[in-house]
Structure formats: structure tokens, C-alpha cells
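Thanks for asking me to look this one over. Please have the model open beside you while you read my comments.

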Amino acid sequence: SSQSHTSQWGRIKGIPPPLPDQSLLCVPLRCPPGGPAVTPALANGGQGRRAEAQRLATRLFHLDGFKRSQVAAFLRKNNDFSGMVAQEYLDYFQFGGQTLDQALRSFLQALVLTGETQERERILSHFSRRYHHCNPGAFPSPDAVHSLTCAIMLLNTDLHGQRLGRAMTSAEFVANLSGMMDGQDFPREQLKALYSSIRSEKLAWAAALGQTRLEALPSCAQGDGPLLPQTWGANSGPAPPLGVIPPPDPPGGGGSGGRGAAGDPPRPG
């Protein structure tokens with residue numbers, strides 16, 4: 001139930017509960033065989049708004065008149081149109097066959113994850129639904145993907161950002177996610193593999209001033225959201241802001257942010 005799921009969120013320290021409007025945004029990404037998808041917006045005569053959202057999403061993905069630093073502002077708002085734009089935008093990403101950290105790395109190269117904590121969390125909700133759509137057998141639900149995605153983001157900052165205490169261990173990462181896969185435990189080996197991936201290669205995101213997808217990505221500034229209210233893992237300091245990612249290594253420094261957005265395949269017809 002939604003009540004039991006919401007209560008589970010308190011068990012991951014530093015992650016806010018799901019947004020109350022989340023179910024309204026969880027609509028089909030593609031029309032099912034035999035007819036068009038029916039969404040709350042379309043049911044109320046919103047075909048024109050959907051087309052407008054598709055056009056805007058296309059421009060945002062191709063950075064047609066927009067910078068990477070401007071994309072998130074159109075995806076993070078708590079309204080129906082922003083939800084439609086986010087769904088159409090995420091529809092360009094083909095995450096099939098990728099591990100969650102691989103998909104997250106490519107997504108974070110396409111935009112600068114800015115905004116308040118809840119707004120960043122909303123964008124990650126859109127990402128999680130798209131990943132589950134592309135990999136329906138990997139996790140039982142989009143909520144499970146979202147729980148793990150937020151945990152990965154926080155782990156990244158814990159391991160690679162400034163901290164007051166010691167870094168979280170793999171065992172602590174696994175323990176913090178106990179029961180978070182829709183009331184069940186994520187496979188231990190899966191969590192250990194994700195921990196190892198983030199420890200060996202930090203997440204990196206696109207530069208705030210990037211103009212086009214073909215430009216080299218310079219170092220980027222950290223985000224500016226408020227601190228999360230609780231502590232994360234065994235660290236003694238406050239949890240990092242959700243979505244704050246240490247800047248990538250300078251050119252030639254040996255770091256890598258994973259596959260960039262320029263390598264994403266074209267949107268299916």
C-alpha cells in the first residue's frame with residue numbers, strides 16, 4: 001500500500017518520502033497496441049498540451065536554443081505540463097540492458113541537476129520510471145528503482161564529497177537499504193556491485209555552462225539545494241544535498257563520467 005511504502009522511506013536516512021502527486025505523473029510512455037494511451041491530461045482534452053510538451057522536450061534533449069543548465073527547470077515543477085515534458089524528455093533515453101549506475105551516469109551528462117531538494121527528487125522520479133520502463137524485469141517497481149537511485153546519489157557524495165566522518169562501507173550501504181525494495185531486500189550482490197562501481201568511479205554530471213552536446217564538458221560547480229534533514233549512514237555530519245555531485249576530473253585527470261548524452265541513440269519513431 002502507499003502508506004506502507006511511505007513509511008519505508010524513513011528507513012533510508014536523508015531521503016524524503018515520495019511526492020504526493022507522483023501517481024499522477026506515472027502515465028504510459030507509449031501508446032499501447034490498439035489505441036492511444038489515456039492520461040489525466042489527455043482525458044480532459046489536453047492533446048494540444050501533449051504536442052506542445054513533445055516539441056519542448058525535443059528541443060531540450062537536442063539543446064536547441066537551451067543550455068544544459070536550463071533543462072532541469074522544465075522537468076522539476078509540480079504541475080501536469082512539467083510532468084508531460086519530463087516524460088517526453090526521458091522517452092529519448094534508451095536504458096535497456098544497462099545497469100542502474102550506467103543509466104544514471106548517462107542521464108546526468110544530459111542536464112545539470114539543479115533546484116531545491118524536492119525538485120531534484122522529482123526529476124530522479126522521472127528517471128526511475130523511465131529506467132523501469134526500459135528494464136521491467138530488473139526491479140519490481142519504479143518506486144524500488146527510485147529508492148535505490150536516491151541511495152546511489154547520496155552514496156556518491158558520501159564517498160567523493162567533503163565529509164566530517166569516515167566514508168560509508170559496503171556493509172553499511174547494504175544495511176541502510178534493508179527492506180527498501182517494496183518491502184523486500186535488494187539482492188546483496190547487486191548492492192555490493194553498485195557500491196564498488198561508485199567507489200571506483202564517481203558520478204559526474206554535465207557542466208552548467210555547456211552549450212551543445214558535442215562540446216567538451218569542463219568542470220562544473222556543485223549544486224545549491226538545502227541540506228537534507230537527517231544523517232546518512234555512519235557519518236557524523238549532515239547528509240549531503242540530494243543530487244550534489246563532485247565535479248568531474250579535469251581533462252587528462254583520469255576521471256570519467258560514463259557514456260555521455262551524445263552517445264544516446266535517436267528517439268524511436
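My notes follow as numbered points, from the whole chain down to single residues.

1. First, the ground rules. This is a predicted model, in which local features need pLDDT of at least 70 and side-chain atom pairs count only at pLDDT 80 or more, while totals for chains, interfaces and linings use all residues. Residues are numbered from 1 along each chain as its sequence is written, and side-chain values use heavy atoms, with hydrogens and water left out.

2. On confidence, pLDDT is the predictor's own confidence in each residue, on a scale from 0 to 100. The protein chain has a mean pLDDT of 72, and 59% of its residues reach 70 or more. Over residues 13–45 pLDDT stays under 50, although the model has 65 contacts beyond four places in sequence for them; contact here means heavy atoms within 4.5 Å. Residues 243–269 also have pLDDT below 50, with 67 contacts in the model beyond near neighbours in sequence. Where pLDDT is low, the predicted coordinates should not be read in detail.

3. The secondary structure is quickly told. The protein chain holds 11 helices and 0 strands, taken as DSSP runs numbered from the N terminus (helices are H or I with at least four residues, strands are E with at least two). Among contacts between residues at least 6 apart in sequence, 72% join residues at least 24 apart.

4. How much of the chain is buried? Of the 269 residues in the protein chain, 50% are buried. The cut-offs for relative accessible area are under 20% for buried, over 50% for exposed and in between for partly exposed (1.4 Å probe, protein chains only). The accessible surface comes to about 12,000 Å², and carbon and sulfur atoms account for 54% of that. Areas come from the Shrake-Rupley method with a 1.4 Å probe, and for residues only the protein chains shown count as cover.

5. Do look at the pair H5 (residues 68–75) and H6 (residues 80–90), whose axes come within 7 Å and cross at roughly 125°. The axes are lines fitted to C-alpha atoms, for helices over the stretch in contact, with angles from 0 to 180 degrees between N-to-C directions. H5 and H6 are therefore oblique to each other, given that under 35 degrees counts as roughly parallel, over 145 as roughly antiparallel, 65 to 115 as roughly perpendicular and the rest as oblique. On the H5 side, Val71, Phe74 and Leu75 meet Ser82, Val85, Ala86 and Tyr89 of H6. By class, this contact has 6 nonpolar, 1 polar and no charged residues. Here Ala, Val, Leu, Ile, Met, Phe, Trp, Tyr, Cys and Pro count as nonpolar, Asp, Glu, Lys and Arg as charged, and the others, Gly among them, as polar.

6. Which residues does Phe81 touch? This residue of helix H6 is in contact with Arg49, Glu52, Ala53 and Leu56, leaving aside neighbours within four places in sequence. Phe81 is buried, because its relative accessible area is 17%. Between Phe81 and Arg50 there are 31 residues of sequence separation and 7.9 Å in space, C-alpha to C-alpha.

7. Arg49 belongs to helix H4 (residues 47–61). With a relative accessible area of 40%, Arg49 is partly exposed. Not counting residues up to four places away in sequence, Arg49 touches Phe81 and Met84. Arg49 and Phe81 are 32 residues apart in sequence and 7.2 Å apart in space, C-alpha to C-alpha.

8. The loop between H4 and H5 holds both Leu63 and Gly65. Is Leu63 buried or exposed? Leu63 is buried, since its relative accessible area is 8%, whereas Gly65 is exposed at 64%. Gly65 touches Arg59 and Gln70, again not counting residues up to four places away in sequence.

9. Finally, some backbone angles to check. Most residues other than glycine have a negative phi. Leu63, which is not a glycine, has a positive phi of about 55°. Asp182 likewise has a positive phi, near 55°. Asp182 sits in the loop between helix H10 (170–176) and helix H11 (188–200) and counts as partly exposed, at 37% relative accessibility.
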